[in-house]
Amino acid sequence: MQDLPSLQGGGAAVCPTCDHWLERTSGRSITAALACALATVLLLFPANLLPLMSVSALGMSRQSYISSGVLALWNAQWVIVALMVTVFAITLPFVRFTMLAVVLASVRLNRRPSWLGRAFRWTIHLDVWSMPDVFLIGCAVGYSRVSANLSVTIDWGGRCLIAAALLSMLSRATLDRRTVWRAIAPEQPLPSGQSSTHVISCTTCDLVVPAEAQDEGCPRCGARVSVRRRYATSITLALIIAGFALYLPANIYPMSSDTQLGQLVPHRIVDGIMELYRAGLWPLGILIFCTSIAIPLLKLGGLGWFLLSVRRRSQHRLVLKTRLYRLIDEVGRWSNVDVFTISVFVPLLQFGALASARADTGATAFILVVVLTMIASRLFDPRLMWDAALGPHG
Amino acid sequence: MAETTAAEPRRTLAEMRKSRAPGWIWAVPIAALGIVIWLLLRSLSHRGIDVTVVFEDAAGMSANGTKVMYRGLNVGTVSSVALEDDGVHIRAHLDLNADMQKLLTTGTRFYLQGAQPSFSDPASLKSIVAGPTIVMIAGPGAPARHFRGTAGEPPETFAVKVPYLVRFQGAVGGMQVGSTVTLRGFTVGEVSSVTLSVDARTGQISTPVVVSLDPTRFHIRELTGSHDWVAVMNQTLDTLVQHGLRARLMQTPPLIGSPEVMLEVIPDAGMAQLTRGADYPEIPTAEGGGLQDLTRKLGQLPVKEIGDNVREITARLKALSSSPQLEDSIKQLDRTLRELQHTVHDAGPQIAPTIASIHGTVDSLRKTAGDIDATAAAAKSAMGGAAASPDGNVQQALHELTEAARAIRTLADYIDQHPESFLRGRQGS
């Protein structure tokens with residue numbers, strides 16, 4: 001439990017236990033976040049309806065829409081990958097930014113309907129799962145891979161996607177969650193006579209409620225409040241075991257295959273990186289190495305380490321582990337770059353037997369690794385490490 | 001008074017102004033809205049025209065890949081290709097630019113370019129890989145949305161057709177009905193029919209070719225007599241044949257093209273007449289012409305082999321069938337052409353026109369070779385090259401295509417490098 005002094009102007013409040021910021025006001029504004037969210041929603045329409053880019057070769061031209069990549073995956077029976085790409089790159093960006101715009105507009109107009117807290121909770125939950133920014137990087141890599149050999153032009157859909165993705169990042173940067181929460185419902189001072197050990201903090205909106213409210217809905221955001229999430233360690237363990245199991249096929253099997261001059265050429269993750277390196281695009285090669293090999297491994301290894309730490313009641317490097325946890329939780333979504341890349345360049349490279357690309361076995365395994373580890377890191381509660389280290393209920 | 005003011009510090013209340021600082025951020029969603037509205041209006045105003053064209057054969061057309069060209073300009077794409085309800089014809093929906101509206105009339109025609117790749121049209125070879133293109137030709141008439149397309153360029157239309165019979169000694173089987181009849185490079189008619197008939201009693205094979213000549217294309221001056229075109233044409237041809245006009249069998253491009261009929265005035269042709277036969281008047285023929293003439297003159301070994309080699313190459317290229325011996329054939333061709341060079345002095349005058357037409361072909365050949373090469377290279381490197389193993393038909397076909405490009409280039413280079421020696425031969429004779 002931490003008391004926060006009210007912040008004046010720019011600055012940040014920092015947790016003395018784990019050295020993580022609790023509140024930051026510099027460069028944050030509800031108005032700016034609302035403007036960015038609105039612009040993002042508007043631009044998502046043309047980004048989804050117009051072609052992202054087109055390639056022309058041999059007198060033929062091919063266009064890539066966000067939906068055409070999904071359709072190509074679906075038609076090739078890669079149902080899981082197709083659904084995930086649809087949800088992360090099409091559905092959730094619309095849902096999340098529309099909800100965010102509505103919530104912020106209500107707050108700014110001083111309207112507080114009863115569902116406001118719940119809606120804002122959902123926008124926070126969906127934040128990591130709506131990925132226009134990750135999709136944009138996927139497009140950039142896909143563009144580079146194709147443009148190394150063929151001439152690619154970026155169409156209006158692509159331009160709108162770039163703008164929408166940048167604005168979505170800006171809205172993320174300007175959004176001050178605590179201010180929004182306070183605007184939705186102000187925090188109540190602790191009832192006198194109750195010590196700080198007899199209250200629980202809501203993990204979503206940080207509202208402090210009496211300990212008796214255990215397992216009840218948070219009055220502000222509707223999330224279930226509990227001292228610690230139940231079964232967090234066992235769920236995380238189960239998910240990372242599944243993640244480890246899938247990590248092998250994701251790296252052994254090809255992510256995509258190309259038919260080059262009638263011959264099938266499989267591309268594993270490593271091959272893709274080597275190709276980018278050979279094409280002189282080594283910065284992108286490094287990026288893909290980080291997002292596709294290093295980050296999933298870091299997530300699996302890191303979460304494994306945390307679980308071990310909880311089990312052994314380790315007291316070593318708790319601050320480091322907590323920081324690592326936040327890093328893992330933050331960067332996990334960027335692993336989707338490679339899958340998005342595939343869904344962008346597959347519709348472009350459809351030149352019959354000369355050159356055509358499709359997704360392959362590894363893609364399904366890979367996206368499952370990414371999603372499972374994302375869920376695992378979301379569900380894991382780093383405070384468990386501190387609890388375990390500091391003895392029963394520190 | 002002045003002293004007191006100096007001693008006491010003045011305190012005033014700061015003026016309060018409503019901050020307008022966050023105002024600029026609204027430029028972002030306003031700009032976004034502007035872009036969206038502009039794109040919406042743009043897509044509404046650029047809404048294409050849907051046109052239906054019925055073809056005999058899809059010939060590799062595909063939705064959103066096949067382009068529609070009008071005077072070399074890309075004016076639309078094929079949006080769908082489907083079988084007609086009759087189960088025979090192919091219905092293609094074209095999505096044309098809005099500005100084509102006024103050009104879509106009953107007289108407008110559509111044809112598939114590259115549906116039949118042929119060596120007489122080297123540019124069409126690219127479509128082996130890229131698929132065909134739909135070409136639109138505007139014409140007069142009332143507005144229309146439904147058209148009938150043809151597989152190749154619509155044949156030239158002739159104002160008047162006067163039929164004549166021609167009997168060639170050479171092989172005319174490959175001659176296309178509708179192919180042009182030329183006189184000094186001008187199109188003056190077309191081939192109406194080619195037939196093969198054998199007389200069982202005498203064992204004689206005859207291959208009569210009926211050509212239709214258009215008198216209006218001759219622009220006959222000092223026209224005497226009536227405007228009965230048949231009489232005028234007969235009269236003109238009578239005179240021309242007496243001056244040495246003969247029909248010849250030509251191949252364009254030389255060596256590998258399909259046979260065509262060419263009318264030519266040969267000064268030392270000897271006596272002949274336009275003979276009035278049973279059906280049509282018959283135009284006398286002259287042997288060979290071009291390479292065929294050479295073959296006859298040089299007779300035996302080397303040149304005959306050229307023909308065989310070339311035919312073999314042509315067959316291979318056309319079928320894109322596999323054979324690594326292609327390169328050998330080219331080498332052999334090179335050698336025989338070299339031998340040909342030494343014997344060319346005798347045949348000089350007859351070769352000259354052939355060389356001229358070869359020259360025209362060389363450039364297009366080279367361009368085709370370049371196109372094919374670029375195509376294959378682009379395809380190969382599209383996903384970062386990988387070592388290829390020779391299995392899979394298409395892979396082989398592409399290998400063959402590269403080989404074909406090399407063969408065509410070798411041929412083009414050779415012809416390009418050696419015309420001086422041909423010309424020298426002509427000067428020498």
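Modeller: Two strands are said to pair if DSSP finds at least two bridges between them. The model is a predicted one, and the part to start from is strand β2 of chain B, residues 67–70.

β2(B) has pairing partners that include β3(B) and β6(B). With strand β6 (residues 133–137) of chain B, the pairing is parallel and runs over 3 bridges. That number meets the requirement of at least two, so β2(B) and β6(B) count as a pair.

B:M69 has B:N74 of β3(B) as its bridge partner. These two strands form a hairpin with 2 residues between them. In that turn, B:R71 has a positive phi of about 50 degrees. In general, the strands of a sheet pair through backbone hydrogen bonds, and they may do so in either sense.

From β3(B) the pairing continues to strand β4 (residues 90–96) of chain B. β3(B) and β4(B) are antiparallel and share 7 bridges; for B:S80, the partner in β4(B) is B:H93.

These pairings belong to a closed arrangement. In chain B, 7 strands close into a barrel in the order β1-β4-β3-β2-β6-β5-β7, and the pairing is mixed. From one strand to the next, the twist averages 35 degrees. Read along that order, β2 stands between β3 and β6.

Chain B has a second hairpin to set beside the one described above. Strands β9 (residues 180–183) and β10 (residues 186–194) of chain B run antiparallel and are joined by 4 bridges. B:L183 is bridged to B:F186 in β10(B). This hairpin also has 2 residues between its strands, and B:R184 takes a positive phi near 50 degrees. B:R184 is not a glycine, and its place is the loop between β9 and β10 of chain B. Around B:R184 there are 10 other C-beta atoms within 10 Å, so the residue falls in the exposed class, for which the limit is 12 or fewer. β10(B) goes on to pair with strand β13 (residues 208–213) of chain B, antiparallel and over 5 bridges. In that pairing, B:V191 has B:V211 as its partner.

Chain B also packs against chain A through helices. Two packed helices are described by the angle between their axes and the distance between the axes. Helix α2 (residues 27–45) of chain B lies against helix α1 (residues 30–49) of chain A, at an angle of about 15 degrees and with the axes 8 Å apart. An angle under 35 degrees counts as roughly parallel, so α1(A) is roughly parallel to α2(B). The residues making the contact include A:L38, A:L42 and A:F45 from α1(A), and B:L33, B:V36 and B:L39 from α2(B). The crossing of these helices is left-handed.

As for the rest of chain A, its secondary structure comes to 14 helices and 11 strands, and 46% of its 394 residues count as buried. Helices α3 (residues 79–108) and α4 (residues 116–127) of chain A have axes that come within 9 Å and cross at roughly 140 degrees. α3(A) and α4(A) are therefore oblique to each other, and their crossing is left-handed. Among the residues that meet are A:L92, A:M99 and A:V103 from α3(A), and A:F120, A:W122 and A:L126 from α4(A). The loop between α3 and α4 of chain A holds A:N110, which has a positive phi of about 60 degrees although it is not a glycine. A:N110 is exposed, with 7 other C-beta atoms within 10 Å.

Finally, the nonpolar cores. The largest has 114 residues, and A:A37, A:L43, A:V81 and A:V85 touch the most other members. Apart from it lies a core of 25 residues that includes B:V166, B:V209, B:L237 and B:I283.

Notes:
Residues are numbered from 1 along each chain as its sequence is written. Chains are lettered from A and ligands numbered from 1 in the order in which they are written. This is a predicted model: local features need pLDDT of at least 70, side-chain atom pairs count only at pLDDT 80 or more; totals for chains, interfaces and linings use all residues. A residue is buried if 20 or more other C-beta atoms lie within 10 Å of its own, exposed if 12 or fewer, and partly exposed in between; C-beta atoms are placed from the backbone. A nonpolar core is a set of buried Ala, Val, Leu, Ile, Met, Phe, Trp, Tyr and Cys residues joined through C-beta atoms within 7 Å. Axes are lines fitted to C-alpha atoms, for helices over the stretch in contact, and angles run from 0 to 180 degrees between N-to-C directions. Angles under 35 degrees count as roughly parallel, over 145 as roughly antiparallel, 65 to 115 as roughly perpendicular and the rest as oblique. A crossing is left-handed if the near helix is turned anticlockwise from the far one by less than a right angle, and right-handed if clockwise. Two residues are in contact if their C-beta atoms, placed from the backbone, lie within 7 Å.
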